[in-house]
Amino acid sequence: MSNIVRIILASLLLIGTVVLFWFGHWGFGILGIVFSILAWVTVFFNENMLLAQWFLRKENMPKAERWLKNIRNYEKQLVSAQHGYYHMLLGIMESQRAPLQSEKFFKKALSLGLHMDHNVALAKLSLAGVAMAKRNKREAEKLLAEAKKADKNKLLADQIKMMKDQMSMMDKQQFRYSR
C-alpha cells in the first residue's frame with residue numbers, strides 16, 4: 001500500500017476518533033486513538049521492514065526474507081529515509097547465501113544513506129569483508145578504518161579487531177606462499 005493511501009486512511013481514522021470523542025463514546029474513542037497511532041506509525045515505518053528486522057534479530061532468515069520480499073516497489077512503499085536500510089537488509093540476507101554478491105546491496109545502502117553511525121559501520125565492515133575475500137587489501141584496510149571511525153559506540157569493535165587479525169593472517173599466508 002502506498003504512503004499516500006496510508007496517510008489518507010490514518011487521517012480518516014483520526015477524524016473518526018475525534019468524532020467519537022465529540023459524541024461521548026469514550027471507550028471507542030480510546031480504541032480509535034490506539035488504531036490511529038498504529039496507522040500513523042506505519043506511514044513512517046513500513047510494517048514489512050519492521051517485521052523483517054524483528055525476524056533478523058530472532059535469526060529466522062527465511063521469515064525475514066519473506067517479509068522483505070513483500071516490498072515490491074521500495075521507492076513507492078517506503079519513505080525515502082528507509083531506502084538505504086532496505087538495501088542493507090537485502091545485503092545482510094544475501095551475505096548469508098553468497099557473500100561476494102552482497103557488495104552491490106551494501107554500496108547502494110551507503111549511497112542512499114544510512115542515518116545511524118553503527119549501521120554505516122556495519123555496511124563498511126561488510127564491504128571490507130568482501131574486499132578481503134577478493135584479495136583487495138588496500139580497499140579492505142580503507143573500509144575498516146572508515147568502519148572504525150563510524151563505530152562511535154564501539155558496538156563493532158570486536159568484529160573490526162577480528163577482521164584486522166584475519167587480514168594480518170592473510171599477509172602471512174601470502175608471504176609463506178611467495179617463497
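**Helix H4 and the rest of the model**

Me: Which helices do the buried residues of H4 pack against?

Reply: This is a predicted model, in which local features need pLDDT of at least 70, side-chain atom pairs count only at pLDDT 80 or more, and totals for chains, interfaces and linings use all residues. Residues are numbered from 1 along each chain as its sequence is written, and side-chain values use heavy atoms, with hydrogens and water left out. Contact means heavy atoms within 4.5 Å; buried means under 20% relative accessible area, exposed over 50%, and partly exposed in between (1.4 Å probe, protein chains only). The buried residues of H4 pack against helix H3 (47–57) and helix H6 (83–97).

Me: How wide an arc around the axis do the buried residues of H4 cover?

Reply: In H4 (residues 61–69), the buried residues are Ala64, Glu65 and Leu68. They sit on the same side of the helix, because the arc they cover around the axis, judged by the directions from the helix axis to the C-beta atoms, is only 100°.

Me: Which residues are exposed on the other side of H4?

Reply: The buried set of H4 is Ala64, Glu65 and Leu68. On the other side of H4, the exposed residues are Pro62, Arg66 and Lys69.

Me: How many helices and strands does the protein have?

Reply: Helices (H or I, at least four residues) and strands (E, at least two) are DSSP runs, numbered from the N terminus. Along the sequence, the pattern is α-α-α-α-α-α-α-α-α-α. The count is 10 helices and zero strands.

Me: What is the radius of gyration of the protein, and is the protein spread out or compact?

Reply: The globule rule, 2.2 Å times the number of residues to the power 0.38, is set against a radius of gyration taken over C-alpha atoms. For 179 residues the rule gives 16 Å, and the protein is well over that, so it is more spread out than a compact globule, with a radius of gyration of 22 Å.

Me: Where does glutamate 59 lie?

Reply: Glutamate 59 is not a glycine, yet its phi is positive, about 60°. Its relative accessibility of 66% makes it exposed. Glutamate 59 lies in the loop between H3 and H4.

Me: What is the relative accessible area of lysine 154?

Reply: Lysine 154 lies in the loop between helix H9 (137–150) and helix H10 (157–178). Its phi is positive, near 60°, in a residue other than glycine. Lysine 154 counts as exposed, as its relative accessible area is 53%.
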